[in-house]
Amino acid sequence: MTDSKYFTTTKKGEIFELKAELNSDKKEKKKEAVKKVIASMTVGKDVSALFPDVVNCMQTDNLELKKLVYLYLMNYAKSQPDMAIMAVNTFVKDCEDPNPLIRALAVRTMGCIRVDKITEYLCEPLRKCLKDEDPYVRKTAAVCVAKLHDINAQLVEDQGFLDTLKDLISDSNPMVVANAVAALSEIAESHPSSNLLDLNPQSINKLLTALNECTEWGQIFILDCLANYTPKDDREAQSICERVTPRLSHANSAVVLSAVKVLMKFMEMLSKDLDYYGTLLKKLAPPLVTLLSAEPELQYVALRNINLIVQKRPEILKHEMKVFFVKYNDPIYVKLEKLDIMIRLASQANIAQVLAELKEYATEVDVDFVRKAVRAIGRCAIKVEQSAERCVSTLLDLIQTKVNYVVQEAIVVIKDIFRKYPNKYESVIATLCENLDSLDEPEARAAMIWIVGEYAERIDNADELLESFLEGFHDESTQVQLQLLTGIVKLFLKKPTETQELVQQVLSLATQDSDNPDLRDRGYIYWRLLSTDPVAAKEVVLAEKPLISEETDLIEPTLLDELICYIGTLASVYHKPPMSGPPLTTSSVQMGAVDLLGGGLDSLIGGTNFVAPPTAAVPASLGAPIGSGLSDLFDLTSGVGTLSGSYVAPKAVWLPAMKAKGLEISGTFTRQVGSISMDLQLTNKALQVMTDFAIQFNRNSFGLAPAAPLQVHAPLSPNQTVEISLPLSTVGSVMKMEPLNNLQVAVKNNIDVFYFSTLYPLHILFVEDGKMDRQMFLATWKDIPNENEAQFQIRDCPLNAEAVSSKLQSSNIFTVAKRNVEGQDMLYQSLKLTNGIWVLAELRIQPGNPSCTVRAPAPTLRPWSLPFVPCQGVVLVEDAVQASLQAWLEPESVRSLKRTFLESFHIHPVRLPR
C-alpha cells in the first residue's frame, strides 16, 4: 500500500494516539507515527503539541525517520523556539556522524531553522562541515552559510565564515566550488557595497575548470559569476570565451542563456577584425535557434532575450530570418514577439521575403495580429528605404480588401511613411480619401486629418473633407480634436481666401466651447499668431518637420548594455533593469532601529547600551552609514573630526552602481564653522564617460537644499573617482518627511536621472548660538510638571563629566549649568536647531560608575493642524520638536515625548487657529 493512506484519517482523538505511538518501543510503529504526523502537518493540521515527542525520535540510526523528524522541526521550530533547543545536541552529534549523508542533513536542517537562539549553536558544527573530508557535506555547508547570513549577518562575519567560503572557490570538487559561488553571490546581492567575489585571473581559471564538471545549476551559478568579471585585456577575454563556448551546446536552456550572456559581454573587448570574432558570431546563432523548438512558454522567454541580442548585434542572426516566421499554431504572444524580431532583422537582402510573409499575415483571422502585421509593413518601409515603394504598394493592396481594421491600420502607417519620405508617395492620397467614411478609430481619423492638412494644396476638396470632421467636433477624442485644429490652420495658411470662415469656426470651438486645457491653449496660440503675424504663423505651423526613423522603438543604448548583463533573468523578459527594492542606504532602515539624532544620548555619552524596550536589529552592513550619532560625537567610532571638532560619519554607499547604470555615489554630511556640507564621492563603474552632472533635493523637514550647483569640473572617465563637497543651506522648501530626517535626492548626468534617499544626522543642524541663558533655563525647567518628565539609563559610559561636556560642546550641545548632588555630577544641556527649536536635557553622571541617567522634561502639548506657523518670532513645529529630541527616546519606545522649545524668552505652547 502507498503512503496515501496517511492522508485519509480524520478521526477524533488522533493526537493522543499519535503521542502513544511516538513513544512506542517498536521502531516500525514509531516510524509509522512520524509519517502520520508529517501527513497531518502537510494538510494543514496543527500537530505542534507533539513537538517534544517527535524530537525524541531523532535519536535513531534510521535515515528515513531522521529526515522526517528534521522536516517536522523545520516547520515548527519557529513557533516553538524554546522546544527547538532540545534538538541542538542531536544536531551537533549528527554533524559528527560517520555517515556523510547524516552530517549533511544535520547542517542543512540547522540552516533552515530560522531561530536566533539556535544560530549560535550552529557555528561550531558548521565550521567543521565547511572543512569536512566529504565534498557532499562541504557543498551543503556552503549553502548553509548563505542561509545563516540571512538570519544573522554579523555573526557570519565575526565567525570568519565568509573567508572560509572564499577558500572553497579553490576546492578540488566542482560542486563545492559551484555552491560556494552561489552562496557568495546571494550574500553579495543583498549587500552590493561589499566586495565578496573579488575575482582575479587565478580564481577565474579555477571557476572555468570547475565549469566542465559540475551540474547544470552549478554551471549557471559559475557563468553568472563570470559575467560580473572584467577581463584585463582582449587576450584574457578571448581565452574565457573559448572555454565558455562549449556550454552553448548544453541541453538546459538556462545554461545556454547564461553562456550567451558571458559571450555577449566579453565580445565588447574583442576587435571586430579578429578571425575569432567572426567565428564566435557564427557559433552563437545555432543555440539561439534551437531554443525556438521548445514549448511556447520557453520560446517566449528565448524570443525576449533574442530581441535584446538582435538589437545589440543583429549580425548574429541575420541569416536566420526563416526561423522567426510565424506558425499557425503559435500563441499570440509568441507571434507578436516573432513579428518584432523579423522587423529588427529586415534588410535589403531579405525584405522581399519578409514583405511576402507579412502580407500573408495581414489576411489572418486574429485581429490583433493582423493590426501588428500591417504596422510591421510600415516599419519595414521606414527602416529599409529601398523597399519603401514596395511596402506602399503592399499597403494599397490591403486597403483594397476593404476590411475595416486593415484599412485603418494602413492609413496610420502610411502617415508615418509620408513623414519619413515627404513629397514622394502623394499619389496614394486619392485612394486614402475614398475610405474616409469608414474610419471610426481615433488614431486612424487623426492620421487621415494630418494627411489632408499636410497636403491640402494638392487636394481640391480639402476644405470639404475637414469640414465633414468638424460637424461632430465635440464628440471626437482629444487626439482627433487637436489634429483637426492644426489641420484646418494649415489649410488656412495654404488657402487663406477660401477657408477663413472654417478657421474661425474651429478656433471658436477650441477656445470658447472646449473644457480641454491642451486644446484651448493651442487654439489661443494659433489665434494670436494668425491675428498678429501671419508670416510668423506660417513659419511655425508649416515648418519643415524632422524625419522619423525606425530607431525610435529601440531600447536606449545604455539600458540595452545593462539588460545584456541580465540575459537569462526576469529583467531580460520584462526589458527593464532589476529593481528589487530601494538602495541599501540609511533610508531602508526602520525608524525603530535608529533614532533621529543618530544614536541618541546613549551614544552621545559614549555608551552602547541603555535600559529600554528591545529594538529591532540593524543589519551590520547598514550600521556604518547610520552610526552617526552622539557616540560618534565623542570619537568613539571610526569617524573623523572637522575643523570645529564636530563628528563626521564615514562615507556610506547611497546609490550602488548596479542601480544607477554604473554610477556609484557615496557620501556623508559635515558641519564646519557654521556651514553644512554634503561630501560626495562619485565613481564611474560603467564603460562610458559621464558628464553634465546636476543635483536636486526634494522638499524636506528642515529645508535642506544645495547652496551651489554640483561642480564636476572634468568628464568622469570609466573607473575614475572624484570627491566633491556640496555646500547646503536650510532655506529650502519645507515638507514633513517620514522619517523626519529623510532626504530624497535626484542626480542627473548625460546618461539618465537617478534617485536615492538617505538619513542625515541631526547634529549637523545644531547651531553655534545654542547656549541658553541660565536664568531662562532654570525658569523654564521649573515650569514643567514632574509628571511630564521621562528618565532612562545609559550604560557603559566611560567618560567623566568634563569629558562629556567638552565633547558635546564641539558639536554645539552646550552645558548651561553643572552641579554635584550627593556625589553625582549633574549637567544641564541645551541646543538649538537651525529652525529655532530649543532642546533641554539633564545628564546625571556617577563618578566611577559606567552608567548615567538622562532626564528630559516636556510640557503638555496639543496637536496643531498647521505644521509650520510663525508666532512671535518662533516657529512652532510639532513635528520638528519630535525630530529634534527623538534621540533622547528609546528607539522602540511607544511613548510620545514632546520637548521644550523656546526662543529668547519663555513661551507657553498655545492652540493655533486653523
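Here is a short tour of the structure, from the whole chain down to single residues.

Before you click: this is a predicted model, in which local features need pLDDT of at least 70, side-chain atom pairs count only at pLDDT 80 or more, and totals for chains, interfaces and linings use all residues. Residues are numbered from 1 along each chain as its sequence is written, and side-chain values use heavy atoms, with hydrogens and water left out.

**Select the whole chain.** In cartoon view, there are 38 helices and 18 strands (DSSP runs numbered from the N terminus: H or I of at least four residues for helices, E of at least two for strands). Of the 914 residues, 53% count as buried (under 20% relative accessible area, 1.4 Å probe, protein chains only). Take the contacts (heavy atoms within 4.5 Å) between residues at least 6 apart in sequence: 68% of them join residues at least 24 apart.

Now pick Thr815 and look across: Gln829 in β14 stands opposite.

**Select 253-266.** This is helix α16, and Ser258 is in it. Is Ser258 buried or exposed? Buried, with a relative accessible area of 4%. Show Ile220, Leu223 and Asp224 too: Ser258 is in contact with these, leaving aside its neighbours within four places in sequence.

Conventions:
Buried means under 20% relative accessible area, exposed over 50%, partly exposed in between (1.4 Å probe, protein chains only). Two strands pair if DSSP finds at least two bridges between them.
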